[in-house]
Amino acid sequence: MNVSTALRILKDEGFKYTEKREDLVTLFAKEKRYLSARDVLIHMQKSYPGMSVDTIYRNLTLFKELEILEETEWNGEKRYRLSCSTNHHHHHLICLECGRTRHIESCPMEDMPVGDSEFKVTGHKFEVYGKCGECQAQ
């Protein structure tokens, strides 16, 4: 996803455009990694000193609901990144140091029998956590 697509989704869903929302989406587009609400707040307060953590959380929640952002959790903290621009099914490798991600093109669900006739799988998420090569070198 890119900034213009995210802003179009907001408009199409009846939410108003604000410079703050554009700046928030632009931050995720530039970073290309998972960010915590605290990371976002620190960045946004440089341009908007009065911005509250509540405003950040409201927008992160909205963007997640509109599928502009993806959400994960590690170390008890939610983290967000701009939704992938690819439409094909994939999963992620996630660096716990820098938050960068890489796609995993294969799906472990293909090899995992879930043959329970009383349970219908409607979705799944597979993430592998570790350290990327750049963070290991540091």
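## Exercises on a predicted model

At 4% relative accessibility, Ser36 counts as buried. The exercises below concern a predicted model.

**Exercise 1. Describe how helix 2 and helix 3 cross, and state which residues make the contact.**

Solution. Two packed helices are described by the angle between their axes and the distance between the axes. As to handedness, the crossing of helix 2 and helix 3 is right-handed. On the helix 2 side the contact is made by Lys20, Asp23, Leu24, Leu27 and Phe28, and on the helix 3 side by Val40, His43 and Met44. Sorted by class, this contact has 5 nonpolar, 1 polar and 2 charged residues.

**Exercise 2. Repeat the analysis for helix 2 and helix 4.**

Solution. Helix 4 spans residues 53-65, and its axis and that of helix 2 come within 11 Å and cross at roughly 70 degrees. The range for roughly perpendicular is 65 to 115 degrees, so helix 2 and helix 4 are roughly perpendicular to each other. The crossing of helix 2 with helix 4 is right-handed. From helix 2, Arg21, Leu24, Val25 and Phe28 meet Asn59, Leu60, Leu62 and Phe63 of helix 4. By class, the contact of helix 2 with helix 4 has 6 nonpolar, 1 polar and 1 charged residues. Comparing the two lists, Leu24 and Phe28 of helix 2 occur in the contact with helix 3 and also in the contact with helix 4.

**Exercise 3. Locate Lys32 and Glu67, which have a positive phi although neither is a glycine, and decide whether each is buried or exposed.**

Solution. Lys32 has a phi of about 50 degrees and is found in the loop between helix 2 and strand 1. Its relative accessible area is 60%; exposed means over 50%, so Lys32 is exposed. Glu67 has a phi of about 65 degrees and sits in the loop between helix 4 and strand 2. With a relative accessibility of 59%, Glu67 is exposed.

**Exercise 4. Which side chain has a polar atom 2.8 Å from the backbone oxygen of Glu67, and what surrounds that residue?**

Solution. The polar atom belongs to the side chain of Ser83. Ser83 lies in the loop between strand 3 and strand 4, and at 11% relative accessibility Ser83 is buried. Leaving out residues up to four places away in sequence, Ser83 touches Met1, Glu67, Ile68, Leu69 and Glu70.

**Exercise 5. Characterise the surroundings of Glu127.**

Solution. Glu127 lies in strand 6, residues 127-130. The relative accessibility of Glu127 is 17%, so this residue counts as buried. Beyond four places in sequence, Glu127 touches Tyr34, Glu71, Thr72, His92 and Ile94. As a check on distance, Glu127 and Glu31 are 96 residues apart in sequence and 19 Å apart in space, C-alpha to C-alpha.

Technical notes:
Residues numbered from 1 in each chain as written. Predicted model: local features only at pLDDT ≥ 70, side-chain atom pairs only at ≥ 80, totals over all residues. Heavy atoms only, no water. Axes fitted to C-alpha atoms, helices over the stretch in contact; angles between N-to-C directions. Helix = DSSP H or I, 4+ residues; strand = E, 2+ residues; numbered from the N terminus. Left-handed = near helix turned anticlockwise from the far one by under 90°. Contact = heavy atoms within 4.5 Å. Nonpolar A, V, L, I, M, F, W, Y, C, P; charged D, E, K, R; others polar. Parallel < 35°, antiparallel > 145°, perpendicular 65-115°, else oblique. Buried < 20%, exposed > 50% of the residue type's maximum accessible area, 1.4 Å probe, protein only. Polar contact = N/O pair within 3.5 Å; in protein donor to acceptor, adjacent residues only side chain to side chain.
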